[in-house]
Amino acid sequence: MTDAAFSALASLADPSLLMMLAVGVVAGLVIGLIPGLGGTGAVAILLPITFGMEPEPALAMLIGALAVVHTSDTVAAVLLGAPGSASASVTMLDGYSMARQGQAKRALSLAFLSSMAGGLIGAVGLTLAIPLARPLVLSFGSPELFMLTILGVSLAAVLSRGNVVKGLTAGLLGLLLGLVGTSPTTAEERFFFGSLFLSDGISLVAVALGVFGLAEIASRVGQRRVTEKPVELTGGWGSGIREWLTHWTHVIRGALIGIWAGVLPGVGATAGTWLAYGQAVATAKDKRKFGKGDPRGIVGPESANNSVEAGDLIPTFLFGIPGGVPSAMLLGMLLTYGIQPGPAIVTDHLDLMYLIVWAFAIASVAGAFLCFLATGSLAKLTKVPFAVLGPGLLVVMLLGAFQEGGQIGDLWVMVALGVVGFFLKATGMPRAPFLIGFVLAIPMERYYYLTASLYDGASWVARPGVLVFAALLIVPLAWSLIKRLRRASGAADDGHRDEHENDDQDGDELEGSLARTPWSLAVAIVAVLVFAGALWVSGSFSAEAALMPRLVAVGGLAAALILTWQELRARRQVTRRDTVDDGLEPTGGSGATMVATRVDHAVDARALARRHDLVIAMRTFVAMAGFLVLVMLGGYLAATLVFTPVFLLYAARTRPRTAIIYTLVLGAVLLALPSLLPVDLPMGLLQ
């Protein structure tokens, strides 16, 4: 193992690897500033560039971006009070307060150094996990690997904050989507509806960028201006560095919490940073300064949000269970290279594992160093409204989705999944289980087929490893059920409180805004119809090819029906409550009337806000579809030169000069890309 570690370090002396690592670090720092993208956006945007590369430079670039994306997302949180990602919202509590007191540089230096330390400690944790987990991983057979795939989807759904049924429904929808195309066991085409395009399956990049990237653009493009004036970049770097040295215990504790949060599927950086913040508050003797500029409220969470990404890589590479969305995309990339996580990676690709460790550590140091140097320039990017960033991001994302298969159909699928992702987000259904289910669908079916072929009946269920994984699956489900029963036995509770616990999960107002509305009921009904249709269509498959689709469809149908019942129950209770309130209003006097009036105004304001969000999102998706029509007719470059200025002038309300300069720069970048990277621009019918 030592030889493999030093061999991996020596390979980083290769200029091409160092260049890809540097590209990843710079891209991660820039993407981290854009609200809502974070590690998911960083990996999704860079993933298409890796096509045609060798695994080593591809992983170096992606790991470089993933290691630093939480370093730069602090800039907007501290200077604007608008976090670049949900996990940075924890840092905003004390960082923004400190910045408004004229100590912005002090807050940022605490954050940058803590992020660097968290990344390094996370890399050490990943290093230690390799020799410790290797004997266990090598003992796994197909039954254990099959149970691990089930565990990955289920834990991501169960441990996601919010309604467990919603998480399971989303995960099973992802599994069903992953089964579209050729069966890995019989080579039979499934759910392709006579389309040669769908017979090859759906692109991972299209799914990831659609459900997360395009959905994020549609939900945020209405932000035409930055509402609050940013604070000045004042204070002293040196005072923050000296102060950071006095809080090293919080840094270590935060990093260890982050690693643990990363190892647990579905927990992620947001929960990890809040846990680190909670332990900082709990262990402090003087708690009065928290939220008002306490340095301990910065160092712990910032250390955790970087180490959580390293912790996330432990189950992803060693067990094939992606703990979050970025690692799910990394897992999908490895599978396209023919690299199977688990026993194969620790025997045949051990040097690749250590390359990831070294890349993560080096990127963490380089990211913090660059942030110190470039904070002034990076801070200017935080002042750009998302509506202005939208067309550039859209062009990049759609171009990225085209690179994997070279088909315009991938772009249409991506836009369609963008609509799906928008409604999943708006109705409070977690999107991480959806993507994890999509990635694990084929490995799950393959391992189950091998298990059924090698073992008689259900004898494999009695294997010790399978029993352990089954227990790990049942315990969170049982705990969730116990909590629900406790709430049901308490005072008046509509039984639906869970699904609003994640309203701010992604750090914006849209998350869960359509929950308990006719839209969320419609999403549940559509899920029922999709699973029922899949069950009916699977009847035309052969017995072996239909096994997994039927299991997924039956499980999904049960979850979707329960979800529909919950939505109907919630609607009845809301209607009953409104009826009772209307009946009591005249007898409460003028004070009660005023309170009722305020409540009505608040409800009306929320309804108007939801309607506004829906209108903006639908217009954005129509604009995306129009862009694809232009691409099909005139090619990608011509479509960009037409679409971008129109979008900027009418959607972002920018000045004509800004729109012209923006369009020319974007066009120049597209012209230069094919000569710099292995990128092809889609051609149109008129070209």
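This is a predicted model: local features need pLDDT of at least 70, side-chain atom pairs count only at pLDDT 80 or more; totals for chains, interfaces and linings use all residues.
Arg 516 lies in the loop between helix H21 (464-489) and helix H22 (518-537). A search of the whole structure finds three cavities of 30 Å³ or more.

- Most residues other than glycine have a negative phi.
- Arg 516 is not a glycine, yet its phi is positive, at about 60°.
- With a relative accessible area of 25%, Arg 516 is partly exposed.
- Phe 191 also has a positive phi, near 55°, and is a residue other than glycine.
- The loop that holds Phe 191 runs between strand S2 (189-190) and helix H9 (196-199).
- Phe 191 is buried, because its relative accessible area of 9% falls under the 20% limit.

**Cavities**

- The volume of the largest cavity is about 100 Å³.
- Its lining consists of 13 residues, and those nearest the centre of the cavity are Phe 319, Gly 320, Gln 340, Pro 443 and Tyr 447.
- Helix H7 (142-159), helix H15 (325-336) and helix H20 (432-454) are the elements that each give two or more residues to this lining.
- H20 contributes the most to the lining of the largest cavity, with four residues.
- By residue class, the lining of the largest cavity has ten nonpolar residues, three polar and no charged.

**Helix H22**

- H22 has 20 residues, and the distance from its first C-alpha to its last is 28 Å.
- That span is close to the 28 Å expected at 1.5 Å a residue.
- The buried residues in H22 include Ser 520, Leu 521, Val 523, Ala 524, Ala 527 and Val 528.
- Phe 531, Ala 534 and Val 537 of H22 are buried as well.
- In an α-helix there are 3.6 residues a turn, so residues three or four places apart point the same way.

- Ser 538 lies in the loop between H22 and helix H23 (543-584).
- Ser 538 is buried, because its relative accessible area is 0%, against a limit of under 20%.
- The Ser 538 side chain reaches the backbone oxygen of Leu 535 at 2.8 Å.
- Leaving aside residues up to four places away in sequence, Ser 538 touches Ala 546, Pro 549 and Arg 550.

Definitions and conventions:
Residues are numbered from 1 along each chain as its sequence is written. Side-chain values use heavy atoms; hydrogens and water are left out. Buried means under 20% relative accessible area, exposed over 50%, partly exposed in between (1.4 Å probe, protein chains only). On a 1 Å grid over the protein atoms alone, a cavity is a set of points where a 1.4 Å probe fits but cannot get out, and a pocket is an open set with protein on both sides within 12 Å along at least five of seven lines; lining residues have an atom within 4 Å of a point. Grid points are joined across faces, edges and corners, and a volume is the space filled by probe spheres set on the points. Ala, Val, Leu, Ile, Met, Phe, Trp, Tyr, Cys and Pro count as nonpolar, Asp, Glu, Lys and Arg as charged, and the others, Gly among them, as polar. The expected span of a helix is 1.5 Å times one less than its number of residues. A polar contact is a pair of N or O atoms within 3.5 Å; within protein, one must be able to donate a hydrogen and the other to accept it, and residues adjacent in sequence count only if both atoms are side-chain atoms. Contact means heavy atoms within 4.5 Å.
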